[in-house]
Amino acid sequence: MKLFDVYPLNDITITKASGSYVWDENGVQYLDLYGGHAVISIGHTHPHWVQRIEEQIQKISFYSNSVHIPLQKELADKLGKLSGKEDYQLFLVNSGAEANENALKLASFHTNKKKIVAFNKAFHGRTSLALAATDNATIIAPVNETANIDFLPFNDEAALKEYFQNNGHTVAAVIVEAIQGVGGINVATESFLKLVRILCDEHNALFIADEVQCGYGRSGKFFALDYAGVNADIYTMAKGMGNGFPIGGILIAPYIKAKHGMLGTTFGGNHLACAAALAVLEIIERDNLIEMSKQRGMYLINKLKSIDGIDKVRGKGLMIGFNVPEDIKDLRKKLLNDYFIFTGEAKPNIIRLLPALNITRKQVDEFLDTLAEAIEEMKTPVSKGVEENVFQ
Ligand SMILES: Cc1ncc(COP(=O)(O)O)c(C=O)c1O
């Protein structure tokens, strides 16, 4: 049977990983500044994470949500403590799209309204509603089209105010990434996020913070929205949560009431996923990884700003983007193929850095030196010797 060919692949097969390095089948070592798409939070194959999963699998890996699963409560307590949202409620799922799907549905249940406000360049996942709230016509199938979602310009306070003046009574939720990931590392301004909070409060709408990529310590705070000093009604999480073990979740404000049967999933919150997620939080806490992400991020951003040849360095913590000018547009490919460094991309010309939160200073320096060297090499015209040869 053939695989359904939807992924444009790099011609690389990774067979081993540790911390911020991965190795291919030929033993070539790569530095991972991409974190498997912002997923690797505490480093590949972290020993504590491996041990937690191994121990759990010997006991029980799965039973359905029809019985008590104390690991879910343990995870909720730890998550409440580290995120500072102790009075919130946790619902566990398996992916980012599923988290957003449930958040949007819950907002509609809670408000008994239908309209969702999303923003230009937003990415919320590939399931039905999450996809409809994603600003990319090429991945929206006709069946996903709905009049229930309205897109507004990102960071445009006047447009948001005007929209709410005219339509506020119909809005169930505003969904926003405090730092857009797939959209190209676009940081929402604090005043924009504060305005979302105010307008949602005035119009009985819910504020959904999509923290699937920017959350879980990546930005240097537990949630990127925390920088704005306001709370969302629902936070969605996934990527960094299991360090590669599939798990997602939503944090739900205390005034949103649950009803039996309102939400549900077969696999969400299974024993093994909870063990993986607990291991992640234990390491984040033990090794102070949120602060480390902040410090490394500041260092990396400052150094990147001094590298000639790249533009518009931006981001927070270890969620960083920069523009790659046309004359070195193949920089990402070069870093991967010639220098064995994984980075992420955003269309059309943006490199995204999403490394593990415990990437070392030495690894960051290794990346910076290599980046400068790669740019220099791409910008250097054909060497004099070769030119002379041409005319001999
Ligand atoms: C902000 C954001 N939300 C949702 C998703 C969807 O997550 P998943 O691929 O786990 O469904 C992504 C994935 O890139 C994302 O970046």
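Does E190 count as buried, exposed or partly exposed, and how many C-beta neighbours lie inside 10 Å?

## E190 and its surroundings

With 14 C-beta neighbours inside 10 Å, E190 counts as partly exposed. The cut-offs here: a residue is buried if 20 or more other C-beta atoms lie within 10 Å of its own, exposed if 12 or fewer, and partly exposed in between, with C-beta atoms placed from the backbone.

E190 sits in helix α7 (residues 190–202). Helices (H or I, at least four residues) and strands (E, at least two) are DSSP runs, numbered from the N terminus. Leaving out residues up to four places away in sequence, E190 touches Y227 and A228; contact is called when C-beta atoms, placed from the backbone, lie within 7 Å. H48 is 142 residues from E190 in sequence and, C-alpha to C-alpha, 36 Å away in space.

## About the model

This is a predicted model, where local features need pLDDT of at least 70 and side-chain atom pairs count only at pLDDT 80 or more, while totals for chains, interfaces and linings use all residues. Numbering runs from 1 along each chain as its sequence is written.

## The whole chain

The protein chain has twelve helices and 17 strands. Its radius of gyration is 22 Å, close to the 21 Å that the globule rule gives for 392 residues, so the chain is as compact as a globular protein of that length. (That radius is taken over C-alpha atoms, and the rule is 2.2 Å times the number of residues to the power 0.38.)

Along its principal axes, the C-alpha trace spans about 80 × 55 × 45 Å. Of the 392 residues, 46% count as buried. Take contacts between residues at least 6 apart in sequence: 74% of them join residues at least 24 apart.

## The nonpolar core

The largest nonpolar core holds 116 residues, and A173, V174, I208, I234, A277 and V280 touch the most other members. Such a core is a set of buried Ala, Val, Leu, Ile, Met, Phe, Trp, Tyr and Cys residues joined through C-beta atoms within 7 Å. Helix α8 (residues 271–286) supplies the largest share of this core, twelve residues.

A173 touches L104, A107, I116, A205, L206 and I208, not counting residues up to four places away in sequence.

## Around the ligand

Which residues come nearest to the ligand? Of the 14 around it, they are S95, G96, A97, G125 and V212. Being near means that the C-beta atom, placed from the backbone, lies within 6 Å. Helix α4 (residues 96–111) gives the most to this shell, with three residues.

Conventions
Contact = placed C-beta atoms within 7 Å.
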